[in-house]
Amino acid sequence: MRYWVDRNLERLGALLLPPRCVLCGARGQAPCLDLCAGCAASFELVRDPVLPGPEPLRLTCAPFAYAWPLDHLVHAVKYRGQLATARVLGTLLARWLAERGPQGEIDVIVPVPLHPARHAERGFNQSAELARQLERGLRLPVVESLAFRRRATPPQVGLNLEERRRNLAGSFGAGAVCGLRIAIVDDVTTTGTTLQELARALVRNGALTVDAWCVARADRGRIRSGTPHEPSPSTGGMR
């Protein structure tokens with residue numbers, strides 16, 4: 001019933017305020033996607049959108065490449081708080097998963113949590129905003145309380161792979177997840193370090209399986225041991 005109400009409220013809103021593309025301003029796509037077909041077609045798809053691991057993850061799903069213009073949208077959400085754009089990205093991911101993803105093997109969606117201090121500073125969690133669109137599109141519950149940050153960590157931007165691992169070690173905790181098949185959600189994956197560390201906390205607390213669902217995958221070649229090279233926050237860096 002809840003999903004039916006949400007969907008019909010969205011359709012009513014689209015009639016009152018037709019969708020407009022967040023990139024070019026043209027008319028969006030029915031019923032209420034603020035992205036035109038032309039701009040959507042410009043998003044680069046990755047060659048292998050579903051990959052095994054990295055352990056303890058069972059699978060990592062990321063359909064789009066972190067490249068222009070999608071990287072511009074990720075940046076607009078994370079650093080400028082454009083939550084309407086988060087709805088666009090979450091809807092695209094939900095549609096892709098509905099057609100090709102393993103959502104039938106998932107019990108609950110858990111967004112990658114922010115530390116409370118970071119959440120207060122930013123005012124929102126972009127991963128949670130994405131997860132809400134997946135909840136609507138896939139009819140899977142989102143339970144943010146099943147994971148939390150034990151400590152604030154410095155941004156991952158500019159760190160090589162080993163530094164990322166040390167930075168995040170032990171930084172996540174988990175709630176009552178025993179026997180659950182979980183999908184964790186984030187905007188972009190590069191090395192998978194954040195996703196791995198969260199998955200470890202969930203598995204330690206009894207999660208049956210943990211998958212990762214991300215909008216985009218960045219080029220792992222950006223991260224070399226001892227020679228980090230990533231965009232800065234001003235150009236779309238990642239956690």
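Biologist: How many salt bridges does a search of the whole structure find?

Modeller: Eight salt bridges turn up, a salt bridge being a side-chain nitrogen of Lys or Arg within 4 Å of a carboxyl oxygen of Asp or Glu. Keep in mind that this is a predicted model, where local features need pLDDT of at least 70, side-chain atom pairs count only at pLDDT 80 or more, and totals for chains, interfaces and linings use all residues. Residues are numbered from 1 along each chain as its sequence is written, and side-chain values use heavy atoms, with hydrogens and water left out.

Biologist: What makes Arg 58 and Glu 105 a salt bridge?

Modeller: Their side chains come to 2.5 Å, N to O, and the cut-off is 4 Å, so the pair qualifies. Arg 58 sits in the loop between β1 and β2 (59-61) and Glu 105 in the loop between α4 and β4, so the bridge ties together parts 47 residues apart in sequence. Strands here are DSSP runs of E with at least two residues, and helices are runs of H or I with at least four, numbered from the N terminus. Arg 58 and Glu 105 also belong to a salt-bridge network with Asp 211.

Biologist: Why is Arg 58 called partly exposed?

Modeller: Its relative accessible area is 30%. Buried means under 20%, exposed over 50%, and partly exposed is in between (1.4 Å probe, protein chains only), so Arg 58 lands in the middle class. Glu 105, at 37%, counts as partly exposed too.

Biologist: And how do you know that Asp 187 and Lys 78 are buried?

Modeller: Asp 187 has 4% relative accessibility and Lys 78 has 4%; the limit is 20%, so both count as buried. Their side chains meet in a salt bridge as well, at 3.1 Å, N to O.

Biologist: Switching to rings, why is the pair of Phe 43 and Phe 64 called edge-to-face?

Modeller: The ring centres are 5.9 Å apart and the planes meet at 80°, so the pair is edge-to-face. The rule: rings of Phe, Tyr and Trp (its six-membered ring) pair with centres within 6.5 Å; planes under 30 degrees apart are stacked, over 60 edge-to-face, the rest tilted. A search of the whole structure gives one aromatic pair, and both Phe 43 and Phe 64 are buried.
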